[in-house]
Amino acid sequence: GDVAVLVPAAGAGVRLGPGIPKALRELAGEPLLVHAVRRLGAAPSVGQIVVAAPAGDVEAVRELLAPVAAVDVVAGGASRQASVAAALRAADASLGIVLVHDAARALTPPDMIERVAAAVRSGLPAVIPVLPVVDTIKQVDDAGRVVGTVDRAVLRAVQTPQGFLRAVLVAAHEAAVDEHTDDAGLAEKLGVPVHTVPGDEVAMKITRPLDLRIAAALLTS
Ligand code: CTP
Ligand code: MG
């Protein structure tokens, strides 16, 4: 494979409720991170997987993932962006394509990972998987009063993995001055064109308790 995948997995999972770090919480008897890494390992393009684990759990995560796939594990940082930067420093510089994939999108199918990688390989510097927005979206003021209705047709919900030419992702992180919730946001700041490919509803991010129940149902269906 010509692709390195960085897996930010160092978050606490505050919105999921009290407990161990989110990537280590179980879904159908296995940690979310195991589900995510198994699917990455099944994607033929993937040549290296670098996991950014909670700082206190680096050795435990190494042992957890050893039977699942070949992975490098580093300590994550205080923000998602810092965790991605830490993983990027450990990525093999000979791999020209780098994907960034949230551990929390534990059920992302290997074919979606391949789709993003293929789009970068075809010559696009930055590629993100997206879905149409299904809800009507309103803009509100500080008092919660509606200011207007946003045109949903031009909006997309963004998933991971997000894919980049290695040099683009390195430059984007070097230039970062503030926190972004995704890596494409950093590339946009540099003026890099970001292209989209179709995402997949199964690649949902497990964020709140209901998401864990949905993911469990997806696994049994
Ligand atoms: N992440 C990380 N390092 C951090 C914060 C987040 O590696 N300091 C990772 C999470 O582990 C997750 C991904 O970034 O895989 C997406 O973040 P999110 O879904 O927000 O996870 P958490 O930050 O753990 O959740 P919450 O915001 O509810 O605390
Ligand atoms: Mg978070």
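Predicted model: local features only at pLDDT ≥ 70, side-chain atom pairs only at ≥ 80, totals over all residues.
Residues are numbered from 1 along each chain as its sequence is written, and side-chain values use heavy atoms, without hydrogens or water.

Ligand 1 sits in the largest pocket (more than half of its atoms lie within 2 Å of the pocket's grid points). A pocket is an open set of points on a 1 Å grid over the protein atoms alone, where a 1.4 Å probe fits, with protein on both sides within 12 Å along at least five of seven lines. Its lining residues have an atom within 4 Å of a point. The space in the largest pocket is about 1,400 Å³ (the volume filled by probe spheres set on the points). The lining comprises 41 residues; D102, R105, V158, K205 and T207 are the closest to the pocket centre. By class, the lining has 18 nonpolar, 11 polar and 12 charged residues.

Around ligand 1 there are 18 residues (a heavy atom within 4 Å). P8, V14, R15, S83 and K205 are the closest. This shell divides into 8 nonpolar, 5 polar and 5 charged residues.

Polar contacts were taken as pairs of N or O atoms within 3.5 Å. Oxygen atoms of ligand 1 lie 2.8 Å from a polar backbone atom of P8 and 3.1 Å from one of A9. A polar side-chain atom of K22 is 2.9 Å from a ligand 1 oxygen. The protein covers 86% of the 560 Å² of accessible area that ligand 1 has on its own (Shrake-Rupley method, 1.4 Å probe).

Methods:
Chains lettered and ligands numbered in written order. Polar contact = N/O pair within 3.5 Å; in protein donor to acceptor, adjacent residues only side chain to side chain. Nonpolar A, V, L, I, M, F, W, Y, C, P; charged D, E, K, R; others polar.
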